[in-house]
Structure formats: structure tokens, C-alpha cells
Amino acid sequence: MMSDAILSVAGVRTFYGHIEAVRGVELEVKSGEIVTLIGANGAGKSTLLMTICGNPQAAAGEIKFDGVEITRLSTHEIIRKGIAQAPEGRRIFPRMTVVENLQLGATTAPEEHFETDLERAFNLFPILRERRNQRGGTLSGGEQQMLAIARALMSRPRLLLLDEPSLGLAPMVVKQIFSTIREINKDGITVFLVEQNAYHALRLADRGYVMANGRIILSGTGRELLADEEVRSAYLEGGH
């Protein structure tokens, strides 16, 4: 593993009961990169992201953030170190307003930054400014996804984990979400993206990994994987 990795995962195994969902995964994300993890449904991608966040914890192997081992830390401690996740399915609080959701995201960040960070979230997602006093549950799917990403950013992370941000969204909204991810990355936040939309994800990413049955089976630059015959037939044929 290279020393400039902000995130390194080495030999990680994760179980749900007796089922091994992540089987000895090795990968790294370098500071400033966008790295994507693609694979079919049930490949273990979301489980790996949740394992990085400490829930569930890895049964074996080692996860390091910025050179420090975090494998046995609680989710709360991991967030405090500078990792945030926008989970699959968004999981916003439907009865709370947009601003209240964002306040919850900011609980681990210094209070004096709240107004600045709120303004940054509204600049990234202008529709959230318009909806600021609306309950989360009344937002469209795309707006809820924007809120989930904005809430994760409120903790001032150095590494942002995104789990299926394009899932179930209209193509125009997907384009907007991916363009915002690029903007977030340009602001100095490293991004690790789990995504079923392989075409968009690989076009956006510096590097990518392909996961199948809990294992990494391929890796390369976004461009290399886009051109790879195996990747094209398994994940790219039949539309972007």
C-alpha cells in the first residue's frame, strides 16, 4: 500500500451472521482523488462502505485513515476523524426540515463554522435554499439525495463516502449530482464512490475498482476500466 493513501483497506473481511459479504478486500484511495467501486447488486459494495464507517466492524484485516488504524473505532469516532457518508437510500429525517437535517450533520463540526458551511451547502445545491423550511419527506428523490450529500458535508469531512447517489433518479438529476461531486472534489474533499451507474462513475473517477462476490476482481484508471472488454460487457452494455 502506498504511503500517500488517505484511506487504505487491507485484507478486510466482513460477515453478516455466517455469510461472508466482504472477502479479503484490498484497496486504497489517495488524497484528492475520486475513486469509484462498481459491481453488480449484492457484490458487497455497500457492506464495504459501512465497514469503513465501523458498522458492521471488520472481522479481519485493517482499515487506515490518514495512516492511523480505525478498524475498531465506533462510527462516531470515525466521523470525528474526518470521514462522512451519504448512505444508500439517503436516510434523511423525513419529519425534520432541510435546515434541521443539515444541523444534525454538523453535530461533530465546530459551531462557529455552521453558517459558512450552511451557505456552502446552499451554493452547491441551490434548490435546498428554496426548500430550507420544508420537511425532508416532502422533497423529491433528487432533492433528498442532494440533502443527504449536503448533510454529510456539514461534518467538514476530508473523505466523503457516497453510496449509490444516482439510484432511482432521472437522468437530468443524475448528471447534476455527478457534476456536483466533481465540484466537491475540486474543493479539496477526497471522494470514494459506490455506484451501479458504471458509465457515469468511471467517467468521473480518477481510478476504479470492480467488485464481485465480496472480492475486488479488477482495478485501473477510470478510462482503462471504461475501455475494458470485461467491464463493458458486464456493466456498460445496454445503455449509460
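**View 1. Arg156 and Asp117 meet through their side chains in a salt bridge, with 2.8 Å from N to O.** A salt bridge here is a side-chain nitrogen of Lys or Arg within 4 Å of a carboxyl oxygen of Asp or Glu. Arg156 lies in the loop between helix H6 (141-153) and strand E7, whereas Asp117 lies in helix H4 (residues 114-124), so the pair ties together parts that are 39 residues apart in sequence; helices (H or I, at least four residues) and strands (E, at least two) are DSSP runs, numbered from the N terminus. Arg156 is partly exposed, with a relative accessible area of 36%, while Asp117, at 5% relative accessibility, counts as buried. Buried means under 20% relative accessible area, exposed over 50%, and partly exposed in between (1.4 Å probe, protein chains only). The model is predicted, so local features need pLDDT of at least 70 and side-chain atom pairs count only at pLDDT 80 or more, whereas totals for chains, interfaces and linings use all residues. Residues are numbered from 1 along each chain as its sequence is written, and side-chain values use heavy atoms, with hydrogens and water left out.

**View 2. Glu119 and Arg129 form a salt bridge between their side chains, at 3.0 Å from N to O.** Glu119 belongs to helix H4 and Arg129 to helix H5 (residues 126-130), so this pair ties together parts that are ten residues apart in sequence. Glu119 is partly exposed at 36% relative accessibility, and Arg129 is likewise partly exposed, with a relative accessible area of 31%.

**View 3. Lys45 and Glu164 form a salt bridge in which the closest N and O atoms are 4.0 Å apart.** Lys45 is located in helix H1 (residues 45-52) and Glu164 in the loop between strand E7 (159-163) and helix H7 (171-186), so the pair ties together parts that are 119 residues apart in sequence. Both Lys45 and Glu164 are buried. A search of the whole structure finds eight salt bridges.

View 4. At 1% relative accessibility, Gln145 counts as buried. When residues up to four places away in sequence are not counted, Gln145 touches Arg90, Glu164, Pro165, Leu169 and Ile177, a contact being heavy atoms within 4.5 Å.

**View 5. Confidence in the chain is lowest in helix H10 (residues 229-236), at a mean of 91, and highest in strand E4 (residues 60-65), at 98.** The mean pLDDT of the chain is 94, and 97% of its residues reach 70 or more; pLDDT is the predictor's confidence in each residue, from 0 to 100.
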